[in-house]
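Please work through the exercises below with the sequence and the coordinates at hand. Each task is followed by a stepwise solution.

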Amino acid sequence: MNTPLATEATLSAIATMAASLPSDDKPDFDDANRGFVGRAEQRQILADDGRVVWDLDAYDFMREASAPDTANPSLWRQGQLLIQDGLFEVVPGIYQLRGFDLSVMSVIETDTGVIVVDPLISAETAAAAFALYTEHRGERPVKAVIYTHSHIDHFGGVKGIITQEQVDAGDVAVIAPEGFLGHAIAENVFAGTAMTRRAGYMYGAALEPGSATQIGTGLGQTTSKGTVSLIVPTLEVRATGETHVIDGVEIVFQVTPGTEAPAEMNFWFPQHRALCTAENTSHTLHNVVTIRGALVRDAHAWAHYLTETIDLWGDDVDVVFASHHWPTWGRDRAVEFLAMQRDMYLYLHDQTLRLLNQGLTGVEIAEVLQMPPALAAQWHTHGYYGSVSHNVKAVYQRYMGWYDANPANLWPHPPEAAATRYVAAMGGREGTMAVARKAWDEGDYRWCAEVGKHLVFADAEDDEARALLADTFEQLGFGSENGTWRNAFLAGATELRSGNFGTPVASAPDMLNALTASQVFDSVAVRIDGPRSWDEHLLIAWRITDEDVTYLTELRNGVLHHRTLKDPPPGVTVFALTRVALIGLVTGALDFPSALGDGTVAVEGDPSVLAQLIALLAPVDPDFNIVTP
Ligand SMILES: [Zn+2]
């Protein structure tokens with residue numbers, strides 16, 4: 001395949017956009033390089049089996065080059081900043097490891113050791129980053145790990161830094177905001193399969209890095225592909241003002257639930273006059289809802305907490321750092337940065353409400369709402385990860401839901417049924433193709449995508465239509481300032497041309513093993529094949545031996561619900577097992593006959609009810625189609 005080129009229409013759209021970009025390029029590059037200590041010599045981080053988990057040079061083609069025709073220069077610049085990798089001193093005693101993963105790891109030196117904040121996604125990248133710290137600052141024992149929030153890029157690499165045994169022995173504290181564990185797991189349980197497949201589009205994981213392919217996500221370059229781990233927190237921070245002293249270092253916390261994550265916190269190091277804002281601020285407009293799919297966030301609460309942050313520490317702060325991107329130094333700059341980030345989320349929230357109360361729908365608001373010029377003049381308010389367009393729809397969704405109140409949209413045909421009708425209405429396949437081609441020729445790629453989508457959903461084998469839609473997605477991707485949009489467009493183009501790239505199934509046993517018994521039953525319930533279970537009635541009791549709790553699961557009307565009770569009803573089969581054995585049983589990690597044989601699971605009553613339940617589970621599909629029917 002030839003390297004695809006940007007069309008005149010795309011180049012012209014990029015040029016118009018580039019003319020409005022902030023002029024002062026230098027401060028971000030200065031900040032991204034300030035305090036540089038050293039770079040890792042080992043440029044590829046490998047898993048035990050030799051697989052490349054992370055390549056520090058994967059984006060070398062971006063380092064010195066100006067933006068090619070096939071990239072939005074604003075997103076290209078963001079990528080150039082994000083690949084400034086290495087160990088950096090934030091202030092004496094506080095260091096950051098940047099460029100080792102999607103996220104950034106911070107190290108705070110204590111009297112006799114260190115505190116590690118946010119140990120990346122993979123154990124391998126976290127270990128490599130910490131090794132670079134150690135190389136320059138010497139061997140120092142880890143006294144505490146802090147997870148700023150419940151997203152995987154802030155805890156998954158923890159076992160590259162510490163072991164469960166160190167935590168069990170009381171040598172290392174693991175500190176997280178209240179509710180961390182439930183939220184960290186919930187996100188991956190109920191909608192996990194679909195979210196993972198969609199994340200492949202959002203992060204462009206199947207795309208090779210390259211000037212016409214993947215150039216980053218705006219938040220970090222991409223996600224590492226190593227071993228995800230989890231160590232359950234030993235200390236939950238519950239209230240703002242809560243203060244803990246770790247080996248001589250005082251930390252004052254501000255809990256910020258319902259912001260960028262459902263469980264999140266900022267914290268202040270008074271001895272360093274340094275503020276960590278987790279992911280509540282970053283050098284991008286962040287997501288009110290991510291395009292991989294997620295519960296919609298509360299932009300109003302987010303802004304409110306940033307005001308509180310400024311009130312708490314704005315008078316004293318010398319530097320603000322976070323778990324993505326680079327710090328901002330100087331009291332005035334730091335406070336203005338926090339305030340601008342606050343204004344950005346509040347503006348989106350308030351103006352969306354103003355406009356929806358004038359009757360505009362989410363799609364319409366997204367078309368007219370613009371950031372105030374003073375905000376747009378800052379690089380860090382640009383939509384590299386979130387976008388004004390999709391965040392506005394998220395605010396609308398939070399208050400109004402999916403329906404825009406026009407009854408024409410209350411009961412539309414689903415995509416395939418609509419596609420055949422649209423194609424027929426536009427004069428059949430040839431007539432529709434002519435409409436799409438005209439849109440392409442005119443550079444109206446949004447319309448070309450709309451029409452092309454119907455052609456492909458009316459006939460998935462229409463190679464000419466697939467190729468045109470792929471070309472269109474590509475132009476939309478090249479023009480996009482948003483990294484996740486670019487990835488989504490280019491992922492769609494890739495699947496139209498080469499077929500479904502699926503979803504690599506990553507196993508994270510630590511995450512599964514942290515499920516509560518109740519979460520296990522819920523995760524089984526969402527796999528029940530409803531129609532096949534309509535007429536089934538099944539009662540099973542589960543005695544969780546290590547928690548001394550008995551659950552009753554009941555399947556009726558296609559629903560598996562559960563509750564705790566004192567004694568199982570007479571005649572109901574009782575399985576007695578530990579919580580972890582229950583997880584093993586449900587995930588298939590534990591072989592039922594041998595578990596019965598060796599006593600891992602004990603049964604009173606008829607064990608065949610388990611097989612009956614399992615027979616009613618439907619498989620999930622990690623490789624479902626997106627751009628084709
Ligand atoms: Zn993150």
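This is a predicted model: local features need pLDDT of at least 70, side-chain atom pairs count only at pLDDT 80 or more; totals for chains, interfaces and linings use all residues.

**Exercise 1. The metal site**

Task: Identify the protein donors of the zinc ion and classify the arrangement of the four donor atoms.

Solution. 
1. The donors are Asp153 (OD), His154 (NE2), Glu279 (OE) and His324 (NE2), lying 2.0 to 2.1 Å from the zinc ion.
2. Along the chain, these donors follow the spacing D-H-x124-E-x44-H.
3. Aspartate 153 is in the loop between strand 8 (142-146) and helix 6 (164-168), and histidine 324 is in the loop between strand 15 (319-321) and strand 16 (328-329); this pair, 171 residues apart, links distant parts of the chain.
4. A tetrahedral assignment would require all angles to lie between 85 and 135 degrees. The donor atoms subtend angles of 84 to 174 degrees, and the arrangement is therefore irregular.
5. Aspartate 153 has a relative accessibility of 7% and so counts as buried. Histidine 324 is likewise buried, with a relative accessible area of 2%.

**Exercise 2. An aromatic pair**

Task: Determine how the rings of tyrosine 203 and tyrosine 385 are arranged, and locate both residues in the chain.

Solution. 
1. A pair of aromatic rings is described by the distance of the centres and the angle of the planes.
2. The count of aromatic pairs in the model comes to 23. For tyrosine 203 and tyrosine 385, the ring centres are 6.5 Å apart and the planes stand at 40 degrees, so the pair is tilted.
3. Tyrosine 203 belongs to helix 8 (residues 192-203), while tyrosine 385 is in the loop between helix 12 (373-376) and helix 13 (388-400); the two are 182 residues apart.
4. Tyrosine 203 is buried at a relative accessible area of 9%, and tyrosine 385 is buried at 3%.

**Exercise 3. A charge over rings**

Task: Over the faces of which rings does arginine 197 lie?

Solution. 
1. Arginine 197 lies over the face of phenylalanine 501, at 5.6 Å from the ring centre.
2. Arginine 197 also lies over the face of phenylalanine 624, at 5.8 Å from the ring centre.

Methods: Residues are numbered from 1 along each chain as its sequence is written. Side-chain values use heavy atoms; hydrogens and water are left out. Donors are N, O and S atoms within 2.8 Å of the metal (3.2 Å for Na, K and Ca); water is not among the atoms, so sites may look incomplete. Four donors count as tetrahedral if all angles lie between 85 and 135 degrees; four count as square planar and six as octahedral if opposite donors are over 155 degrees apart and all others between 65 and 115; anything else is irregular. Helices (H or I, at least four residues) and strands (E, at least two) are DSSP runs, numbered from the N terminus. Buried means under 20% relative accessible area, exposed over 50%, partly exposed in between (1.4 Å probe, protein chains only). Rings of Phe, Tyr and Trp (its six-membered ring) pair if their centres lie within 6.5 Å; planes under 30 degrees apart count as stacked, over 60 as edge-to-face and the rest as tilted. A charge sits over a ring if NZ of Lys or CZ of Arg is within 6 Å of the ring centre and within 35 degrees of the ring normal.
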